[in-house]
Every structure is written in structure tokens, then in C-alpha cells.
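Please have the sequence and the structure open while reading.

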Amino acid sequence: MSGYQKKAQHDVIVDKNEYQDFYLVMRERFKSVVEGWTLDTDPLKHVFEDIGIATFLLLLWKQTYPPRTSQVSDQDQPWDTWGRPPGGWIDLGCGNGLLVHILVSMGYTDGFGIDIRERKTWGVFPPDSRTRLQVHSYDPTLITADSDCPPLLKRGTFLIGNHSDEMTPWLPILAALCPDASFLSIPCCPWNLDQKFVKPKGFHKRKDRLGAEKELEQKLEARGKGGSTSLYGTYLQWHLREGFDCGFDVETEVLRIPSSRNWAMIGRSRLGSTPAEKATYRDAAFAKVQAVQERGSFKTRHPEGKSAPAHG
């Protein structure tokens, strides 16, 4: 059709055929979770959404990190030798914990998820998964200038933010302040660093807009309905720019998941080729932390529920 433009460009980072083939494997392994769903939410949406995200993550890690060596056995699966983050992974705001369960069940056991409250689903997962689901309130304002890494992170950690709300804008900052760390962000509710996100005045008319911002704007416009200037569209562009300001060559992907909030921001490649340039980006990231510390307006949410640690 002349003049037709696809509303979404999928498979920019991960090959379509490889994704679809592996998704079928993942779906068969985890579709039974639907039957035991304990939350008052649509299991078909949430289960297959997290299966899709896990599929993308494992293939992303496969192409990002060097392959592993493993002792050959009859039980070996192809993904046992795929690359994975050298510093493990953290699901920041893991919610129902299903993504953590899937990753652990696939043998990616060097990671964990945190959230401010336990969900009913946590209790139905096997012990290996349950032990990697933690009630924890993360306070990014505790970062200091001389910290090697922010709290809980270590060199080479991969941060996951799947609809992590208040923590979403912190993902590129936390990763920037830890050597060789990376992140995947799937934004949902727009937040800036210490309050609900409001469209910055003149944001779309700035003269310093990056080529990546303009490219994302075009992709959003292709989806129609003023996508690039809506609150969500503006937030995606703002979040992208924050990632670049922190020293990441941010990539974008429209994930094949059953959600309208399916844009992903990936920070795995660093900008700056010299130690001085890298230090400049780190300083820029820490300056954002300092600005929040000086305002004193970040409100850390306290853990909730019976499994929350006591305060005192």
C-alpha cells in the first residue's frame, strides 16, 4: 500500500525469528503458571507478558555477553551456555515476582527481585524462586560520591525495571554509577526523580535535541494520536535523554508483549572513550543524585505486609 507506515517497529535489537522460536519454548515451559494464578488480575495478560520479557532478556544477554562454558550433560539446554551479566541481575520493583521466577527457573540464578511488599504469588513459587524475592525499600539518595556502586549493585550488574514507577528514572543513574552495569527499562507510570512527571515547558522545541530523540519521536508519531507529545510519549523521550546524559548509548525496542506500555529502553553501551570522558558522565549522573538530596523531596516508600522488616 503506497504511503503505509507500520505503527510499531519491532525486532530492532533481537532477531524476529530467533525471538519467536524461543518464545514458543518459553511459553510451553511456563504456561502452566496461568492455572495457579492467585492474584485478582488477568493471568493471561500478566503471565504471557512476563514470558515475553524474559524471552527478550535472555536473547539480549546472549548477544551482549560472551558465551559461558559448561560441563556437557544430558540435561544441558542451549541457553546454559548463553552469555549473562557478570554481576548478576536485579529486578527493581519485581511486583508479582513472575519474571524473577522465570529467570531463576531457566538457570539464571545470579539475581533477585525486590519490592516494597510481598505478593500472594510469591508463596506458590518453588523455594529457589522464593528465596530470591525480597521485601525491600530502595533509597537511591543513600548513594555517596565515594561509593564504588549504589546499594545492592556490584560491578557488571544488569538492572531490570518492568513498570517500576518511581524507580524507573533512577535506572540509568544507578547503572551509570556502577562499573560495567547496564539496564532494561520498560516505563509505565511517568515519574521523574522525586515526584510525578510533568511535561517540561518547551521540551519538544529544544535546540539540543539528540538524533536518538528525534528518531524516537518519529517512531511514536507513526503510532498516531499525537504519540510523541502525549504525556507518555514525552516521558519516553525524557527518559531516553536522561540515559544519554548519564553516559549510555540508549537503544529502544517495542516489545512483543500484550501491553500498550511495551516500549523498552536498553542501556548496555557506554559513551566516552577516554577515562576523562567516562568520569564526566559519572559526575553528571551523581549530580542528579545530589540535586535530589539537596531538595530533600524524595520519599522512600516503607515496606508493607507481614514480611516487611521492622522499623525502629
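**Pockets and a helix packing**

H2 gives the most to the lining of the largest pocket, with 4 residues. The model is predicted: local features need pLDDT of at least 70, side-chain atom pairs count only at pLDDT 80 or more, and totals for chains, interfaces and linings use all residues. Residues are numbered from 1 along each chain as its sequence is written, and side-chain values use heavy atoms, without hydrogens and water.

**Largest pocket**

- The largest pocket has a volume of about 970 Å³ (the space filled by probe spheres set on the grid points, which are joined across faces, edges and corners).
- A pocket is an open set of points on a 1 Å grid over the protein atoms alone where a 1.4 Å probe fits, with protein on both sides within 12 Å along at least five of seven lines; lining residues have an atom within 4 Å of a point.
- Its lining has 42 residues, and Gly93, Asp115, Arg119, His163 and Asp165 lie nearest the centre.
- H2, strand S1 (89-92) and strand S2 (111-115) each give two or more residues to this lining; helices (H or I, at least four residues) and strands (E, at least two) are DSSP runs, numbered from the N terminus.

**Second largest pocket**

- The second largest pocket has a volume of about 300 Å³.
- It is lined by 18 residues, with Ala176, Pro179, Asp180, Arg270 and Lys278 closest to its centre.
- Helix H8 (residues 275-295) supplies the largest share of that lining, 4 residues.

**Helix packing**

- Helix H2 (residues 43-64) packs with helix H3 (residues 98-105) at an angle of about 45°, their axes 9 Å apart (axes are lines fitted to C-alpha atoms, for helices over the stretch in contact, and angles run from 0 to 180 degrees between N-to-C directions).
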